[in-house]
Amino acid sequence: MEYTEKKVLVLGLARSGAAAARLLHHNGAEVTVNDQKDLSDDPLAAELQALGIEVIGGGHPEGIVHPGLALVVKNPGIPYKAAPVRQALELGIPVVTEVEVAYGFSKAPLIGITGSNGKTTTTTLVGKMLEAADLKPVVAGNIGLALSEVAESVTADQWLVAELSSFQLMGTRAFRPKIGALLNLSPAHLDYHGTYEEYRDAKYRLFANLGPSDIAVLNWDQEDVRAAAKGMQARVVPFSASEVLEEGVFVKDGHIHAILNGKNVPLLPVAEVGLAGEHNLQNVLAAAAISLAAGASADAIAEVARTFRGVEHRTEYVTTKNGVDFYNDSKATNAAAATQAITAFPSVVLIAGGLDRGMDFQELVPVFQKHVKHVVAIGQAAERFLNVANLAGKTAEKADSLETAVQLAALRAEAGDTVLLSPACASWDMFGSFEERGSMFKKAVHTL
């Protein structure tokens, strides 16, 4: 889209909104940024105003959406039922997210990675594997930098590696990665999407514009992910931890193999993978499939798979005290993510709970029965986890703070146990973010 003298409304400031506003302004658009919160003391707002961008805070004034707008760029978290979004759609104005804008400016081939769990770990792995292979990756998206912050600086001989959420993908139109990867699917963000089917279809949008020269990397162990391949024009490269594949990346006889273009490339023994847990094996398989498709060597992939020890707040090893290992998995904001972390260890003293979204967490009962020794419950959803522990026949108690929870968990743990923060809930009842929650957990552990 040619933006010179076109009127564009950016809804929601935050980092991605500011990045989109700067990019559009730099390319000649008449940009207005609007946010519900008061922006009078906001440094991002001041920065944009200094560039000559109009910034309006404190709500959505009458007429903020009007027929003269060429485009509305909305923050991914703003629901489509929000009044200004509805008004734009009723007027036939395109409503997109920041990643769609950035895509239009990038000269680099793009790798898009999405899924319910494992996105950040897999995206980080791919970045490191491509870097080890001298393929000059730039990692951005829903991790680190917004795509709009790097869109104009990346070049055709680089790879732009993007972690993408369902919220971001719902707002795409022409967005077309060279390689798109769907890691897994489980019900998530239903308070936003309404139904699992809408959530799943938002993830599928990653593949909407792929053609025969593009590649789709899919988790062949999940039926709903395999279903994305139906009718797809792109070349499908599957990965599997449970099935020996004719093509793709898979495990056979305790070894990770890749077969691409009929050639079998042994990568490394599963026992040498540096990350713990079956879920992280899946992440490594996905990253290997993506990186091979992008041209990385088997040696570069294997070396990173051996040496990478994880991303902060995602089954992150903290320390060992008195024979007890402490792990921070604050990023686990749903039951599926928590299950992946819990099942990576044989005997867990679990700290769980957080924002109560009405889930009953009954799917965790068999997980608790097999892997959990004791539960310390926190936050609004604490009673729900006490109930799950009771149904699983496990002891449990409630803590009124994360610091107290760490102290109680350390008291209940014995040598050989793992104290694991894997909340299965969002953090917003007690903390500003999952990062803040994880950092406070680590601080509490180190002060035991």
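Biologist: Which residues does T120 touch, not counting residues up to four places away in sequence?

Modeller: T120 touches I143, E163, V311 and R314. Contact here means heavy atoms within 4.5 Å. This is a predicted model, where local features need pLDDT of at least 70, side-chain atom pairs count only at pLDDT 80 or more, and totals for chains, interfaces and linings use all residues. Residues are numbered from 1 along each chain as its sequence is written, and side-chain values use heavy atoms, with hydrogens and water left out.

Biologist: Where does T120 lie, and is it buried or exposed?

Modeller: T120 lies in helix α5. Its relative accessibility is 7%, so T120 counts as buried. The cut-offs are under 20% relative accessible area for buried, over 50% for exposed, and partly exposed in between, with a 1.4 Å probe and protein chains only. Helices (H or I, at least four residues) and strands (E, at least two) are DSSP runs, numbered from the N terminus.

Biologist: Which residues does the UniProt "binding site" annotation cover?

Modeller: The unreviewed UniProt entry lists G115, S116, N117, G118, K119, T120 and T121. UniProt positions are in the numbering used here, feature names are shortened, and annotations may be inferred rather than shown by experiment.

Biologist: And S116, where does that lie?

Modeller: S116 is in the loop between β6 (110-114) and α5. S116 counts as buried, at 9% relative accessibility. Leaving aside neighbours within four places in sequence, S116 is in contact with N184, L185, S186, Y199, K203 and N334.

Biologist: Switching topic. Which residues does the "domain: Mur ligase C-terminal" annotation cover?

Modeller: In the unreviewed UniProt entry, that annotation covers residues 313-425. Over residues 313-425 the chain is 32% helix and 27% strand. The end C-alpha atoms are 14 Å apart.

Biologist: What is phi for H313?

Modeller: Phi is about 75°, a positive value, although H313 is not a glycine. H313 is in the loop between α12 (298-307) and β15 (316-321). H313 counts as buried, at 3% relative accessibility.

Biologist: What about K136, what is its phi?

Modeller: Near 55°, again positive in a residue other than glycine. K136 is in the loop between α5 (119-132) and β7 (137-141). At 41% relative accessibility, K136 counts as partly exposed.

Biologist: Now helix α16 (residues 402-412). Which of its residues are buried?

Modeller: L402, A405, V406, L408 and A409. They cover an arc of only 165° around the axis, which puts them on the same side of α16. The arc is that of the directions from the helix axis to the C-beta atoms.

Biologist: What covers them?

Modeller: The cover includes β17 (348-352), β18 (372-377), β19 (395-398), β20 (418-421) and α17 (434-446).

Biologist: Last one. At what angle do α1 (residues 14-26) and α2 (residues 43-50) pack?

Modeller: About 5°, with their axes 11 Å apart. Axes are lines fitted to C-alpha atoms, for helices over the stretch in contact, and angles run from 0 to 180 degrees between N-to-C directions. The two helices, α1 and α2, are therefore roughly parallel to each other. Angles under 35 degrees count as roughly parallel, over 145 as roughly antiparallel, 65 to 115 as roughly perpendicular and the rest as oblique.

Biologist: Which residues meet there?

Modeller: A14, R15, A18, A21 and R22 in α1 meet L44, E47 and L48 in α2.
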